[in-house]
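Open the structure in your viewer and get ready to select a few residues by number.

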Amino acid sequence: MFNKGLSLEQAPSVSVPFRFFLSAPIFGVLISLVFLFLPFNEVSNQYSQKAIGIVHLFTLGILSMIIFGAMQQMMPVLAGAVVKKSKLFASIVHSSLVLGTLFMSFSFILEIRFLLHIGVLFLAISFFTFFVVSIKLLFKVEYLTSTVKTMRLFSVSGLITLLLGLVLAISHISLNFSVFHYALVNMHILFGLFGFALLLIMGVSFQVIPMFYVALDFPKYIQNRVPLVLFLFLFLASLFLYFDINFLILKIIFTSIIILFAYYGLKSLNNRRRPVFDVTLWYWKFSLSMLVLSQVIWLFSIFETNYILAIIFAFGFLYSLLQGMVYKIIPFLAWFHLNSKGYFKLPTIREFIDEKYIKINFFVHLSSILFFVLAYFENDLIYLAATLFFMSNMIFLINCIVAIKKYINISKTDPMDLSSFK
């Protein structure tokens, strides 16, 4: 089942990733409440203070939260890059990320500028701590798989995203915006979404899809070349943005590369060696389909604003895939850690969370995305969309808690006592 180079013995305590995974849907709930109580014209306007706050509630509170939690599990397991004092490291990164996200996001939503000072401080602590340690460890790894190489690119992209974000934050604090402000904003978005998020998803996909779904490996040229080409294109696109050069041709190549990755991801999932039903496949297939759709919308500038593009890419692609990953990772980690402690009579990985509740979560999540899109044409539908998004995140949170509670209850028993499992 496991690929060469996988080292499960070096995995950190389950409390490390679990705290990050449980935090993400709570921020999803906050996002739904903001959508419920703010006017649609403000939350859908990419240049409004409210929209900036919502975007960072997602990118920091959900996207970064799950990525940071998953990376602390994957670095030692997939790359052999072990974080020393992993619990202390996780506590610093997690607490700073939670506080930084809340202060920064609500400084924009509530338009209280001094909150931004506090938010930037905490976020700098969280991101610098994470990326300095990650880069140091990943660039020491000797066994270089395509996943490890992509993780390296992700970590560098994340650090660049942070530095650009700090420059932009200082501009908002000082109210001194340079002539290159919007170019820097777009560079921040590019490195954040395509470098920080997409590159990691690519690297994880190369390992996780064949491992968890007994699916075909991605072609070697996709694994070895696409992440590097995408990473280099981010720098080239940044130059075009900085010097205000039209990069339509670059955009065509850029989107083609991303669609190529999505195509092979879907091909791998549709040609599994053991085609057993797994509800998390719905998340992966839907997510990759939304990635393709988002690139088509972006390439042809189909809508006047970026509202629908943001919904399709953030909620449709990123959050769908992240939910699917978490629904695989939590049960697997719970089972693995209990098994490593000597528990022989255990629920199967698929029994930690009842699949019917994951299905309910999937359809409620999908429905929320549909109504978020329809709200662009009929603004009052935003209230239904936000309500469904609230329900989706609550179901996601409860499902995760159920699995973790099962782990805790079993871990409190004697491994040699099988009476409770009769």
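Start by selecting Val 120, which sits in helix α5 (residues 114-138); helices are DSSP runs of H or I with at least four residues, strands are runs of E with at least two, and both are numbered from the N terminus. This is a predicted model, where local features need pLDDT of at least 70, side-chain atom pairs count only at pLDDT 80 or more, and totals for chains, interfaces and linings use all residues. Residues are numbered from 1 along each chain as its sequence is written, and side-chain values use heavy atoms, with hydrogens and water left out.

Is Val 120 buried or exposed? Val 120 is buried, because its relative accessible area is 14% (buried is under 20%, exposed over 50%, partly exposed in between, with a 1.4 Å probe and protein chains only).

Ile 173 is 53 residues from Val 120 along the chain, yet their C-alpha atoms are separated by 9.8 Å.

Next, select Phe 68, Met 71 and Phe 315. Of the 153 residues in the largest nonpolar core, these touch the most other members (such a core is a set of buried Ala, Val, Leu, Ile, Met, Phe, Trp, Tyr and Cys residues joined through side-chain atoms within 4.5 Å). Helix α11 (residues 307-340) gives the most to this core, with 23 residues.

Stay on Phe 315: beyond its neighbours within four places in sequence, its contacts include Ile 31, Phe 58 and His 365.

Last stop: pick Tyr 242, found in helix α8 (residues 220-242). Tyr 242 counts as partly exposed because its relative accessibility is 33%.

Technical notes. Contact means heavy atoms within 4.5 Å.
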